[in-house]
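Work through the exercises below with the sequence and the structure at hand. Each task is followed by its solution.

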Amino acid sequence: MNNQVLIVVLFLAVVALTLGITIWASRQNRSAADYYAGGRSFSGFQNGLAIGGDYMSAASFLGISGSIALYGYDGFLYSIGFLVAWLVALLLVAELLRNSGRYTMADQLAYRMKQVPVRSAAALSTIVVSIFYLLAQMVGAGSLVSLLLGVDSPALKNTVIAVVGLLMIIYVTFGGMKGTTWVQIVKAVLLMVGSLLISLLVLAKFGFNLSALLGAAAERSGKGEAFLQPGQLYGRDLVGQFDFLSLGLALVLGTAGLPHILIRFYTTPTAKAARKSVLWAIGLIGSFYLMTLVLGFGAAALVETGQGSPVATSAGNVASPLLAEAVGGGEGSLGGSVLLALISAVAFATILAVVAGLTLTSATSVAHDLYATVWKKGQVTEKQEVRTARVAAIVIGVVAIALAIPAQSLNIAFLVALAFATAASANLPTLIYNLFWRRFNTRGACWSIYGGLIASVGLVLFSPVVSGGPRSLIPSVDFAWFPLNNPGLVSIPIGFLCGYLGTLLGGREAGEDRYTELQVRSLTGAGAEKAVQH
Amino acid sequence: MSDPLPGTGERYAALAARPEFTELRRRYLRFVVPATITFMAWYVLYVACNNWARGFMNQQVVGHVNVAVVFGLLQFVSTFGIAVLYARYSTRRLDPLAEQLNQEFESDGGTGREVRR
């Protein structure tokens, strides 16, 4: 009971801190650039922290270390794809996008194409990807909080989902990008400090010897050296091997197409600062994933992970919090309780920061792409646009709560992987073509977005994830003709192919001249949006 | 996006015609194209080895540390390495040209359209 009181107190402290930030930020928001892009005034380091805060979701914090605790080496594979992916963002996307866009992913396409069709397509894929990701986080929040409090009741889970939804609406409606960014910065610092503390305590137990830690984990797992080798989770047969390849591609190509990551590049004053922010993000995210390796194998070595244990029944999600308790002195000890509560609060802050970023991204796209351009044809004032974004944030929040409550049976890792696969299939081909292919045109952009979107979501619908297997959503029926769980291997090439064919069939358009402009602007920053001077 | 100020198109075209711009574009592509091919091939090789070269991956290197773990950690090293190389390359070889062209554009009338107060 003591544990629970401490956890609740720290949860409330996180809520109070983040609400305080939001109130402060709401007083600073004046223009659309303030609301959507935090006035473009965040330094490279600040934005790098915020990117880390946006990216290191509860799925990666608790999910990856939990996966390592249960499946050993294979649990580590997710984090490598998640990290290498940042090179795509660094080399091909971040600076060019910062120089050529304003608030949304669609801005960069609309630079040289027909506004209405490309903005509609880009807004749809932004919202679809963000909602998948949002559902994953909210479903995770429900089960996580109930696990941490040790109360397994559907009512509590629903309440947590509703409270998280309400908080994210408040952050986004009042705080805008400035508030959301600071929430993410605070969360990133808490997460890094918390993980570092636990990692050091774990390493100290093994005399800072990685081999000793791995050996202890392998021994306690009962699987011996096989626990440290590939094959516990992925690639058991030929289909499994291609499934793993597919997942690997989706992870590495999806990041640079995630809309909530893309709009973070707009919050810096220059492209050079955007580059610095990605460099910081790579450093932070990379060190964090190295620490999850220690946390995961540490949990395997120090916490009970056998059948029926809390770690196993929670699919690994409580491995890190229970590890914190173990290295703090064990169950019932003061140190153990404090560390357990601390890591639980970090996990809670993580969820809040990520959902806020996703809601803001969707609301921005609704207001800036759909309302201002598609519906009102640009005949709106900044005030009207920002007001629409606030209303959209409320609507998206309510929809997300309504969807998350019945979606609780869905596997979180599956939802995240689907978001990555969709981003890699629909958004990345479009962004790459637009930046590097002169002939690319409106039809090509629409085809690659819709084609990638339909292929990724459609293939999942006909995969073993949805039907036909014992672990499917609908196990009783079988309409699964697509063998892989992750669609990336097929849907990413489809996205690229659709963009190519659409362009060839679309004919030449006047926008081709604007390609020269787009190139000059994206490479030199000439005429790029500047920071707001208060 | 609203149309930029009149005459901006010509000013972009003028910049595009400059030899400095051609050089900037060439330098940018000369780094990112080979770097992207390298890290993607290196990553796909790692994924493929996990699937199809288990015997190789399972060999022990030091104590309980096997090739698979080392290969995984090398992905971290290569990611950090390419990021640092790009940071140095862009600061030395790209930024001076980009800044020069950008300044010419600005002194030519500037289009900072963001609201300023």
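Two residues are in contact if their C-beta atoms, placed from the backbone, lie within 7 Å. Helices are DSSP runs of H or I with at least four residues, strands are runs of E with at least two, and both are numbered from the N terminus. This is a predicted model, in which local features need pLDDT of at least 70, side-chain atom pairs count only at pLDDT 80 or more, and totals for chains, interfaces and linings use all residues. Residues are numbered from 1 along each chain as its sequence is written, and chains are lettered from A and ligands numbered from 1 in the order in which they are written.

**Exercise 1.** Describe how α3(A) meets α12(A).

Solution. Start with the residues: on the α3(A) side they include F45(A), L49(A) and Y55(A), and on the α12(A) side S277(A), W280(A) and L284(A) are among them. Next, sort them by class (nonpolar: Ala, Val, Leu, Ile, Met, Phe, Trp, Tyr, Cys and Pro; charged: Asp, Glu, Lys and Arg; polar: the others, Gly among them). The contact has ten nonpolar, five polar and one charged residues. Then take the axes, which are lines fitted to C-alpha atoms over the stretch in contact, with angles from 0 to 180 degrees between N-to-C directions. Those of α3(A) and α12(A), the latter spanning residues 271-302, come within 7 Å and cross at roughly 50 degrees. The two helices are therefore oblique to each other; angles under 35 degrees count as roughly parallel, over 145 as roughly antiparallel, 65 to 115 as roughly perpendicular and the rest as oblique.

**Exercise 2.** Is F45(A) buried or exposed, or partly exposed?

Solution. First place F45(A): it is found in α3(A), residues 44-55. A residue is buried with 20 or more other C-beta atoms within 10 Å of its own C-beta, exposed with 12 or fewer, and partly exposed in between, the C-beta atoms being placed from the backbone. F45(A) has 15 such neighbours, so it counts as partly exposed. Finally, the C-alpha atoms of F45(A) and S277(A) are separated by 5.5 Å, although these residues are 232 apart along the chain.

**Exercise 3.** Describe the side of chain B that touches chain A.

Solution. Count first: the contact takes 53 residues from chain B and 53 residues from chain A. Among the elements of chain B that give two or more residues are α1 (8-16), α2 (19-52) and α4 (67-107). The most come from α4(B), with 17 residues. By class, this side of chain B divides into 30 nonpolar, 17 polar and six charged residues.
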